[in-house]
Structure formats: C-alpha cells, structure tokens
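Welcome, and thanks for taking a look at this one.

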Amino acid sequence: MKIKFLVFTSFVLQLAYVTSALPQVPAEIRRGLWKAQWITAPNAPQRDSVVLHFRKAFEITQVPEHFVVHVSADNQFLLCINQHEIGRGPALSDLAHWKYETYDLTPFLHPGRNELAATVWNFGALSPLAQISDRTAFVLGGDTEAERIVDTDNSWEAEEDKGIRPLPTPPDMRRFYYVAEPSESIDGALFDWFWNDASLSRGKWEKAASIGNAILRGAALQNNNWQLVPDSLPSMQMELTPVGRVVRSSGVQPSADFPSTGFEIPAHSAASLLLDQSHLTTAYPELTVSGGAKSMIRLTYAEALVDNKGEKGNRNEVAGKHIVGIFDEFLPDGSPGRQFMPLGWRTWRYLQLDINTADQPLHIANLRSWFTAYPFEERARFESDDTSLRQIWQIGWQTARLDAHNTYMDTPYWERMQYIGDTRIQALISYTVAGDDRLARQAIQAFNDSRIADGITRSRYPSSVTQIIPTFSLLWIGMVHDFWLYRGDEEFVKAQIPGTRTVLDWFLDRQRPDGLLGNITWWPFIDWGKDFGFGVPPQDADGGSSVITLQYIEALRYGAELESAFGNSFRAQKYREAESRAVNAIRRLCWKNSYNLIADTPAQKHYSQHANILGVWLDVIPQEQQKDVLTKILSVSDPGFTASDHVPEMTKATYYFRFYLARALDHVGIGDQYLSLLKPWHDMVALGLTTWAEQPEPTRSDSHAWSAHPNFDFLTIVAGVRPKSPGFSAVSIQPHLGLLHRVVSAVPTPKGMIEVIYASKDTGVSAETNLPGNMSGELLWKGKTFSLHSGHQQFLLP
C-alpha cells in the first residue's frame, strides 16, 4: 500500500504541474482540455472496490436562466443538487469514447448557498463485465465561465464510504454465467446516510485529490485515459411502480395491503416474504425500515422460482418451489426511516425478503420499486381479430423494453451484454415499433469501435473481456445495411464503411480456392442448436461450413450495395465475385441431390435447418426448389408442414434463428403461413412467461430480446410494411394475413407514420393505406401492384 500511495502522490504532483502550466500552452494545443479536473479521495483505492462521495457548496446571488454542467465518473455516479437526485451515469462505453452526461441544474437552485454532491462507485474485480474502467474518479465541468465555479478540483471534498461493499457472486449464479451487477451489502451503522447534506453528514471528509484535467476525445494534451465524448442518449426512465403482492410468508403475517402499509417483526425472530410482481421488471427496489439494529435483511431476486430439480416449469406456480438468485443485504442501524436502495438496478419477477432480527424489533414501513429502462415509446400499432396475437405483441414489447438501457442487452438478469447477434434484431424492433434509432446508433458505432487489429469486431461491446465471434462481425454489416434501409442518414452509414471493409477483408483472406470459407477460428457461433457444439455448426478439418459461408454471402451482398452507393465500385465488384464463388461452391459441394437439401459441409454427413433457411432466403437454392426445401425442413419442427419424401435428421433452429426463418418464408411467397410458425411463442405464454426466453426449456434466461422478433414480423410480414428504398423514401406494402380477417397497424418511419387497415369482405379484402406527406410506394397483392401516394387510399383486393 505504501508503494501505491507513493506512486499516486507522484502522479498527482506531475499532473498538478500540467494543470498549473496551462496558461503557457498555446490555445490550439489547449483545445479540448477542460478546466475541470478528474478528482478522487486522497487515500482511497484507485482500482480496487470502493464507494466515494464528493461534495461542493457554492453561492449564487440569483437563479440563472440555465446552469449547465457536464458530468462523468469511473465507474458510475449518482448526482444530487440540494438533496435532489439529478441523474445517474455515465452510459457504458470504452476509454477512447468515455461518455459524459449533461444536466441543467436551474430547476433545483436557489439564491444563496447551494450544494452539489455525488456518489461514485467502482466494484473492482466484481464490476459487471460490460464495465470498462481505468480507475475510480469523478469530474464535473461547467458549460460556460459562469458555471465553472463548480468545476471539480481540490476545492471539492471527498469521503470514502465503508458502509457499502459488493458481495461475491453466489456459486449457483456463477455456474450459469452471471456477469451483471454484483450483489451489494449496506451496513447502516457505517453508511453515511447524509452524504448529500453537509449540515447533517458525520462522514470523514477531506480535500479531493486531482488526477489531471478532463480531456475531450481528440485533444492534443493527453494526461489520462478518459477521452470524453457527449452521451447522445436520453436519460433512462425512472418511474415508481408497484412491487407486487405477497404470495407466501413465514414467521410473520404482513398486513393485507402490504407493501402499501407496514408491519413489525419482533426481536430475535426470523421471517420470510415472497412477492410476485406478476411480470418481469428491471427496477431499483426501495425498502424503508425503522429500528431493528443489527438485524439482517436479504432481498433475493429471480426471474422464476424452481423446484427441487432446479426446473422452472410454469412461471405462475409457487407451490413446491423456492427462490434461487442474486441478492442484496441490508443491516439496519436502528434509526427511524432508513431507506435501502442498491446502487445498481435489479431484475426480477419474484422478490423474497428474508429477515433475521437481533435485540430490537424491526418495523418494515414500505417497499417500492422504481422501474428503469431506455425510454422507448410504443408508437407502432398491431391489432387483429386473433386476440392471442395481442399477448405475443405485448410480451415482445416488454422483452424489448427490459433488454434496453444505456446499451442493448442480451439479458437484463444474467449478463447485460450488448451482443451483435441479439442487437441486430433489437435495433429492427426499435426502428419499427418505437421509431427511435438513438440506441441503435450507439450500438452500431460501438461495434465499429470494438474492431481488433485483425479487422473484425468483438462479439459484444463494451466489455472488459475480449470475446470474438467472427460470424457476428458479418451480422454487424447486416446491422449497418438495416439502418440504411430503415433510417437513412447517409453520413452515418458512410462512416461505418471503413469498418465493413476490414471485416470483409478478414473473411476474404479465409475464402478457400473452391469458394467456401476455410476453418474459422475463435468462436463462430450460429445458434444454440442441440447438436451444434457450443452453438457452432460442423466444420470439416479445413473448414467448409455452408452455414458460415452463407452468412458470409449475406454480408458480401450488403457490402457490395453499400460500396456501390457510397464507396468504391472496385470493392463492390470484388465482393460480388467472392459472393459468386461462394454461392457456386455451396451448390456444387454441399447440395445433396438425394435429399434436395444443403448439407452443413462438403462431407454431407450433417444437416441443419440453418443452412437451408439461409440458402432459401439468399437464393442460393434455386427458386423452383425453395418452397419444397422450406416444407421439408419445417416438417421436423412445425405442425402443419409435411414433407413428400424422406428428410434426414437435422439441427433445428431455436427462437433466435427463427428470425431468419421468417425472412425465408416471406421471401418465397408463403408469408401467409407465417402465423403458423408461432407455436413456440404460444407455448411460452402457456408456461407463464411474461418476457421471451433465451431458448426452449430448460432455459437459463427468461428475457432475451433476440426472441422478440414477432413484433417486427407482425409489422413487416403480416401488415407487410417495409422500406422500398433507403430511409423509407418510398414504401412497399405486401400484407400476409393468413387466416386473419382484420388487421389494423401503424408503423413509424423517419418520414412519418404509415397506417394500414385490412378487412375481409365477401368480395375480397378491403385495404386502406395512409402515407405521410412526400412518400410514395406500392401495394403488392397476389401478383398485382397498386401505386401508392401520400394521404389516404382505399382498395378492394381480389
């Protein structure tokens, strides 16, 4: 510790010299350098687990029209002004693009003395995997000279709070790859309950230590690792919501209307309460207690209860089941009105309180929850005469909401990681249901920024641990192309093209002379198919995976389109030639004539739905054979599809890859059968899920947005609304109603809202369209094309 302190002291002195010398540095060199300084507590750990508080009092004679400050921290902060919480952040990112948040403090200021305060935490080795970090620090800078009276420097005070610490992940969670926020323990006897109120705080405050000026990305002077960029996202939603109802209790009989009213637990007692929220949520729990010094309160959070075999079964059932999950601990200090809330939000449907009291009775006054997520608005609409589809729509949207915060997340409970495979689908839902592309822009750029020296992206980002899924790099190119189609913004798309080139160059170098891809290293994940080894389809000794090659073909097509529109025609032709060689190789080497199917490798010993789904969608399988191929592969998984000849055993697509199945079905002109593909989602409803699971039972995660694609499909396949040209400058509407008699839908686009109404009549189908101004398009129905213009139109479709 002494050596660390000496190194830290030397560093502070060195950077203090840089700061004091600033006036002598030319203005063009100082550009991008804030006057505000990163600060920390002088004797606190820099990279180990620690929770710090910072504060500064300042005087103003009158409240200004605006008082804007920019704020960041490593890892995270909670900011208050005059005891009012202002915000939390920063949004997750990497050191080269470290986010800062911006707030206008004016609504909470008053003439005279005002007090800024912040809590900053870094859980060290127990930090979530999505958290990249340099060391614990805080910065706040005024927007103009008037606000710079609050710039962070050694005029601020700091204290280390010994009352909060992270807890190791329980073994039952760790074995299922739990890498999200750690459990927390709050000891009320040590915690500074008034850290944001200098008149009441009894903490050990001292002058903050500076560790150098804050710098914007691109600044000439680099004296620390945080290159600051503004956060383009809105503040996360924080909304008070009910916490659920008690479904089981022992050791105490809570009041009938708990948690609205409280109850008391006697001294030297044990009590347990299990609450059911009725649906999965992402929220901050808030527990208020009085008395109960030296008691222990544990809050355990779970997506579902499990039986003695560890199986979830029907999520609505409580009898014979128990809770297993991540938990927080709270040790009251005996004072009245103590309010416990963890620093990190939690995910749960079931929440259990286990309480052990000591010499004092404990009064549970209240239990509430603050829902938090990215503030998406449900702007799209999908209604039909099949009421079961409404439930699928609602559950899908709930899944999409919970899996989106300041990044997209694969699962809000287990990992909270932004993976490309998941995020591609989530972004499409955001475009079509919310009409919001801000979180998607963040993701596309983050994946571009994640590229390693080899040229391909990381599979998930931000992440403190590097993981490479080369196939996800191909899907990232698909994300860029999707954005171009659904949102436009050519400048943003152009900025991604250098990244798409390095990805495709990596794969071009691995394309064999025969046209197939060679052996793909790292983790070439495709889907959690039961006999795909850890999600990887078969490869021969020298590679030759048809599935991976097909994803390569998709990316080459998108790359060629992007290059033709914005880039290099030579590259576009190069991609087309590589695509042609890959297509011909699959037809020549992987097509099994006796089955009329694509095999997974030239050895033709293994078959999957995946290869044939992509083969149909991408026209690698000749058009005249596509319907027969889809019927064959669906005969092994979906009722209502029967093959006319023998079908070999094959790997089935899980919820995730059925997104691509829906694309193939639509592509071959049998989109009217789409609704028959929804049995897996109806089965999940029957199991009581309120968000869509990661994969078929037994599933680890009960909330995976890669399974929420029916929302996108309802709008683009059933209602049939999709862009005809980039950015929805023109629309193509091709409905596939199946057995539905009525559909009402609305889809937000960058040009405005598109509305459609379909109703079956004795003489055909009535179709009404309403397009925003300056939009044209086409309505396709059974081989006929009808021209569309802005405003309302009505057709009778035969």
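**Pocket, helix packing and backbone**

The second largest pocket holds about 1,100 Å³ of space. Please keep in mind that this is a predicted model.

- Sorted by class, the lining of the second largest pocket has 20 nonpolar, 14 charged and seven polar residues.

**H4 and H14**

- On the H4 side, Ser388, Gln391, Ile392 and Ile395 meet Trp681, His682 and Val685 of H14.
- The contact of H4 with H14 divides into four nonpolar and three polar residues, with no charged ones.

**H5 and H6**

- Helix H5 (residues 420-434) packs with helix H6 (residues 438-449) at an angle of about 155°, and their axes are 10 Å apart.
- How is H5 oriented to H6, given a cut-off of over 145 degrees for roughly antiparallel? The angle of about 155° makes H5 roughly antiparallel to H6.
- The crossing in which H5 passes H6 is left-handed.
- From H5, the residues Ile420, Thr423, Ala427 and Tyr431 meet Ala440, Ala443, Ile444 and Phe447 in H6.
- By class, seven residues in the contact of H5 with H6 are nonpolar, one is polar and none is charged.

**H12 and H13**

- Helix H12 (residues 623-634) and helix H13 (residues 658-667) have axes 10 Å apart, packing at an angle of about 145°.
- H12 passes H13 in a left-handed crossing.
- Gln626, Leu630 and Leu634 are the H12 residues that meet Leu661, Ala664, Leu665 and His667 of H13.
- The contact of H12 with H13 has five nonpolar and two polar residues, and no charged ones.

**Backbone spots to check**

- As background, most peptide bonds are trans, and most residues other than glycine have a negative phi.
- Asp74 and Asn75 are joined by a cis peptide bond, with omega about 5°. Asn75 sits in the loop between strand S3 (68-74) and strand S4 (76-81).
- Another cis peptide bond runs from Phe258 to Pro259, where omega is near 15°. Pro259 belongs to the loop between strand S16 (245-250) and strand S17 (263-265).
- Asp489 is found in the loop between helix H7 (470-487) and helix H8 (490-508).

Definitions and conventions
Residues are numbered from 1 along each chain as its sequence is written. This is a predicted model: local features need pLDDT of at least 70, side-chain atom pairs count only at pLDDT 80 or more; totals for chains, interfaces and linings use all residues. Side-chain values use heavy atoms; hydrogens and water are left out. Axes are lines fitted to C-alpha atoms, for helices over the stretch in contact, and angles run from 0 to 180 degrees between N-to-C directions. Helices (H or I, at least four residues) and strands (E, at least two) are DSSP runs, numbered from the N terminus. Angles under 35 degrees count as roughly parallel, over 145 as roughly antiparallel, 65 to 115 as roughly perpendicular and the rest as oblique. A crossing is left-handed if the near helix is turned anticlockwise from the far one by less than a right angle, and right-handed if clockwise. Contact means heavy atoms within 4.5 Å. Ala, Val, Leu, Ile, Met, Phe, Trp, Tyr, Cys and Pro count as nonpolar, Asp, Glu, Lys and Arg as charged, and the others, Gly among them, as polar. On a 1 Å grid over the protein atoms alone, a cavity is a set of points where a 1.4 Å probe fits but cannot get out, and a pocket is an open set with protein on both sides within 12 Å along at least five of seven lines; lining residues have an atom within 4 Å of a point. Grid points are joined across faces, edges and corners, and a volume is the space filled by probe spheres set on the points.
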